[in-house]
Every structure is written in structure tokens, then in C-alpha cells.
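Trainee: I would like to learn how to read the aromatic features of a model. Could you take me through them one at a time?

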Amino acid sequence: KAREEGEINQEQYESLLRHAKRFMQSEKGSFQRVDNPYIRLINNSLIAQATLRLMDMNAFANVAEMFYGTIGLTPKEKVKYFGKAVKIFFQGAATDYYSVPSMMGAPYQPFDARRLNDKDVNRLLESGHILPGSDVLEVEGVKTSSPTLEKTMKIFYMINLVRSQNNAPRGARMSFAWSSISKLLEKVRVDKDSLARTGGIVSPTGLWARDRLNSYGLDPDRLIEIINKIGGDTIPSESDILAGVSTLSISDSSFLQDQMGLAEINFTDEFTARPQPGSTPAIFESEVFRPFTQFKRFLAHVTANMVPRIWNTYIKNAPPGTSFDTFSSVITIMATAYLAQALKDTIAYGGTPEWIEDEDDKFFRSSTYRAMNYTGFLGTPELMLEELNSIWKKGVNSAIDDEQNSIAAIAMEIAAVAPSLGVLQSDVKAFREGGEKGAERAVGMIPFIGSLQVTKQPLIELIESLNSKDN
């Protein structure tokens, strides 16, 4: 219709069609699909083995991102947020660990989260944020026609705590959705009343609040009009609104409940990473490039959506009080990233590993870089810089030191951008060297056991002792 009425030309029309087609393909999981069953099997198997090898300790890398959900909240709300997030995390971990044996064949049913009768968890269930396999499976794991492989990945994300860790900040932030929305509506309503009485101008705070409400897909003017019918001098609480819905007409009641549901979902997704088709560059939706984009889609979503919103909406254009609260959230995210890094090093290595202490002056090996990497603030450009640095340092230097073909060495490093291929290359190199490196690599291939200092070190010593007897 827009083309017929001359609002867009033929070129714009065709461009919109291409974007719409790509979006629909991404939504259905068929964008640049690999149809050859053998290539798909190899693709999925490589991704699965990389996931099992590299993601068993991933919960530590996600700790800082849990605190993105505090952005836009007041100091008191942040304290409550933390308490709710911890509660939902432990509830999720307990129910997941209870359910794992049943998924592996134990004679009882997996735990149904509805049995918790928890208001915050129920919100997640009703909004679709808690999925049967967790959206981590869809985004970073393996969605395949193999039921065994898919079940393995579901169980893996339950054991490594990533599933419960993803749900915790979502449930915590969602619980503050309406209270935050009502404060914004009140700012808009004060401006509207002032304009009606005195013909004044819209305040910067009111304009900022209106922009935020619009970004959630809400219609503040009609919302205020309907809420005024329920009564009260201020925006009522969520429970009061729901109690007063019966006094409204069917159309007003339906609109109000739809808007409240939309507010919950969009307010929650604002700062909790849940990549959807269209929220990341198209390459992250492609099945062809999936081995190379593995583990990067969440970060791409943070880069494209969350980091710009922090700067533009909550710092650059925000009222002074909101800017300060956002700054305190950013500091908290950075501090928890350092804490998570230290905790992971203690569990995995028994302390800060030597390769960090020896190379702390090199940026991509420094503790500061690792902590910043855990926050997600550096985004996908950081990944490109790190990969280019790795290609140059390892590719060219190894070619010079070992007198190898430099082009071949660089090509190997480019291939290693795909985590699954990088892991296989490291395996081959370690097993060629043998000795302690080979033993460490062999043990490291075992998920969880090969990552915990308390279990991996005895196994490494056992393999080395067996090797020494054979020699």
C-alpha cells in the first residue's frame, strides 16, 4: 500500500521485503540453513563438543551480567533486586538438580516450577521467559533433530547452573516492572495536568519518562486516561489496578491488561539478555556461520541493544539522579566481574593461574581485561581485536619461531576463531607435546571434573604416573 501511494519507491519496497523475509527465516530457524544431513551432523557435533568442553564453568562469566537488571532502579530497589535474584537462583538450581536424574531415566517426574507457588517465578512462566530447554539451548547450544544430543545439552545447562542463572535476573527485574512504569506514568501525568491548568511546557523529566514508556511499546496517554477511570490522585499499584479492572469496559480492560503484560516483558528484556531474531546482526542467525558465532550471540545482543541504551537513555539523556544510580550499577557490575573472576580462578586453578601473573602486563592476558570481558561492556568489537591479536601473535610468531609457513600458520589461527575448531587444534598440539601438557588436555576434555582443581589435579598426576611406568 505504501508503494502504491508513493510513500516508498520500488528499491525501498524490495529492501523491506528482503528484511522481512530474512526476519521470518530467522524466526523459523531456517536462515542460511544447512540442508545436507551429514554436514549438519558434523556441524552440530563440533558445536556440542565445544559447548561441553568450554561452557562447564560459564556461570562465573555471567555473574556480572546478572546486575544489569539493577539499571534504572533506586538504591532501595537494588537491595531488594539482589535478594529476589538470589532467591530465584537457588530455587532454580534446586529444582533443576532435582529434575536432572528424572531426565536421565530415574522413575519420577521433573519438578514443575509452578509447584513453588512463587509470584516472581510465576510471572516468568506466564510471560514465556522460562522455556522447557532454556533459551540458552536455542542460542548457544545445539538445536538438532537428535533427541539424545538435545537432551544432553538441556541437562548440561541445568548442571552448570546457567539456566537458573539466566532466569534469576529476569524474575527479579520483572517484579519491579509495574512500580517502575507507574513512576514514569506519574511523571507524564503531572506534566499533562500542568499543561491543562497553566499551559506550561513539558519538563525534560516528563519528556524522558514519555520516551521510555514509548520504548516499551506503551501508550502513556491512553493508559493514564483508563487508569484515571479507576480513581485516585496518583497512579495506583498493580494490585489496585487489577482489582479495578472489573469496573472498566471490555475494550479498556483488554487494552490495560495487554499494556501491563507488554510492560513486564519489555521492561525485563531491556537489561536481561534474551536474543531474539532481529536483535543481533544477521550473521548470528545463520546456520552456515554458527561454528564461528558460537558463544557470541549473547554478547552481540548486549552490544547492539543494552550498552547503547545504558549510555543514551540512562546516562546521557537521563535526569541527574538516574544517571548517578546508573553509574553505581556500572560500578557494581565491574566489581562483581572481578569477584567472579577471582572465584573461578580459585575453583579451577587453586588461585590466580601463572599464565595470568606472568603476563599481566599484556592487555589480552590481564586481569583487568578478563574482568571487562566478563561485564560485556567491551562488546563484539573487543572479540574482533582479541582474535586479530591472536592471529598475529600466534600465527606469525609461531611461523617465525618454528620456521613454519606463515600463511599456513595464520590460516590455522583464522580457523580457530570457531571455538570448536580452536579446541581441536589445541588438543592436537597438546597431545603432540605429550607429558604434562598432554595429561592436562586429556583431563580437561571431561566436563566439570576436568575444570575443578580438586578433581583434575589428582587425575593429571595419575595419568603422568601411568605414563612414567610405561616409559
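Trainee: Which ring does the charged end of Arg 222 sit over?

Mentor: A charge sits over a ring if NZ of Lys or CZ of Arg is within 6 Å of the ring centre and within 35 degrees of the ring normal. Here the charged end of Arg 222 is placed over the ring of Phe 255, 4.0 Å from its centre. Arg 173 likewise lies over the face of Phe 267, at 3.9 Å from the ring centre. Before we go on: this is a predicted model, where local features need pLDDT of at least 70 and side-chain atom pairs count only at pLDDT 80 or more, while totals for chains, interfaces and linings use all residues. Residues are numbered from 1 along each chain as its sequence is written, and side-chain values use heavy atoms, with hydrogens and water left out.

Trainee: How many aromatic pairs are there?

Mentor: A pair of aromatic rings is described by the distance of the centres and the angle of the planes. Rings of Phe, Tyr and Trp (its six-membered ring) pair if their centres lie within 6.5 Å; planes under 30 degrees apart count as stacked, over 60 as edge-to-face and the rest as tilted. By this rule the count is nine aromatic pairs. In one of them, the centres of Phe 67 and Phe 82 are 6.0 Å apart and the planes are at 20 degrees, so this pair is stacked.

Trainee: Where do Phe 67 and Phe 82 lie?

Mentor: Helices are DSSP runs (H or I, at least four residues), numbered from the N terminus. Phe 67 is in the loop between α3 (58-61) and α4 (75-103), and Phe 82 is in helix α4, so the pair ties together parts 15 residues apart in sequence.

Trainee: Is Phe 67 buried or exposed?

Mentor: Buried means under 20% relative accessible area, exposed over 50%, and partly exposed in between (1.4 Å probe, protein chains only). Phe 67 counts as buried at 14%, and Phe 82 is partly exposed at 45%.

Trainee: What about Phe 156 and Phe 448?

Mentor: Those two form a tilted pair, 5.5 Å centre to centre with 40 degrees between the planes. Phe 156 lies in helix α7 (residues 147-159) and Phe 448 in the loop between α22 (435-444) and α23 (453-470), so the pair ties together parts that are 292 residues apart in sequence. Phe 156 is buried at 3% relative accessibility, whereas Phe 448 is partly exposed at 23%. Together with Tyr 157, Phe 156 and Phe 448 form one aromatic cluster.

Conventions: Helices (H or I, at least four residues) and strands (E, at least two) are DSSP runs, numbered from the N terminus.
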